Amino acid sequence: MAKVNKRAERYETHLRSAGVRMTKQRLAILRVLAETHSHPDANEIFHLAFAVDPSISLSTVYRTMRILEERGAIQRHAFDDGRARFEHADGEHHDHLIDVETGKVIEFRSEKIERLQAEIAAELGYDIVRHKLELYGRAKPDKAAPPRTKRRAS
Ligand SMILES: [Zn+2]
């Protein structure tokens, strides 16, 4: 819980320094956002926040997310389903595999891929500043084979 509180406080600091007036609606949104673990879209955040405080509007959620994104506090993903999804920017770097049937998002990290990307960029005369890798897949009929890369809980 300590991490969630810290996160909510950090988001609040970002909004305040962006000149946003803190209302109880915004505090509830930040609280809800700080507690999320997966990759929610604005609508999902709105529904969670609305359950806490029905005076919260979807546009306040959008605006809050936009400011946090502009300040680098959250990351926005645009996976193939077209919905903008958000995730905390304070986690470790990872990549995503998206199940094309269910839309489930699986996080993974592969040192091999990280290394390979750096090598390719270097060959092209670049240092990588950031990257995004999205794999789109369908689950194999038998999922008996253990994943070879370290999986993270999403
Ligand atoms: Zn992620």
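In this predicted model, helix α2 and helix α3 (residues 42-52) pack at an angle of about 125°, with their axes 9 Å apart.

**Packing of α2 with α3**

- The crossing in which α2 passes α3 is right-handed.
- On the α2 side, the contact is made by A28, I29, V32 and L33.
- On the α3 side, the contributing residues are I45, L48, A49 and V52.
- Sorted by class, the contact of α2 with α3 comprises eight nonpolar residues, with no polar and no charged residues.

**Packing of α1 with α2**

- Helix α1 (residues 2-17) packs with helix α2 (residues 24-35) at an angle of about 135°, and their axes lie 8 Å apart.
- This angle makes α1 oblique to α2.
- The crossing of α1 and α2 is right-handed.
- From α1, the contact draws on V4, R7, A8, Y11, E12 and L15.
- From α2, the contact draws on R26, L30, R31, L33, A34 and E35.
- The residues of the contact of α1 with α2 divide into seven nonpolar and five charged, with no polar residue.
- L33 of α2 takes part in the contact with α1 and also in the contact with α3.

**Domain arrangement**

- The domain assignment of the protein gives domain 1 as residues 2-88 and domain 2 as residues 92-154.
- The C-alpha centres of domain 1 and domain 2 are separated by 25 Å.
- Contact between the domains involves five residues of domain 1 and six residues of domain 2.
- The side of domain 1 that touches domain 2 has one nonpolar, two polar and two charged residues.

**Residue E123**

- E123 is located in helix α5 (residues 111-123).
- E123 counts as exposed because it has 8 C-beta neighbours inside 10 Å, and the cut-off for exposed is 12 or fewer.
- E123 and R26 are 97 residues apart in sequence, and their C-alpha atoms are 47 Å apart in space.
- R26, the partner in that comparison, is one of the α2 residues in the contact with α1.

Key. Residues numbered from 1 in each chain as written. Predicted model: local features only at pLDDT ≥ 70, side-chain atom pairs only at ≥ 80, totals over all residues. Axes fitted to C-alpha atoms, helices over the stretch in contact; angles between N-to-C directions. Helix = DSSP H or I, 4+ residues; strand = E, 2+ residues; numbered from the N terminus. Parallel < 35°, antiparallel > 145°, perpendicular 65-115°, else oblique. Left-handed = near helix turned anticlockwise from the far one by under 90°. Contact = placed C-beta atoms within 7 Å. Nonpolar A, V, L, I, M, F, W, Y, C, P; charged D, E, K, R; others polar. Domains from an automatic or database assignment. Buried ≥ 20, exposed ≤ 12 C-beta atoms within 10 Å, placed from the backbone.
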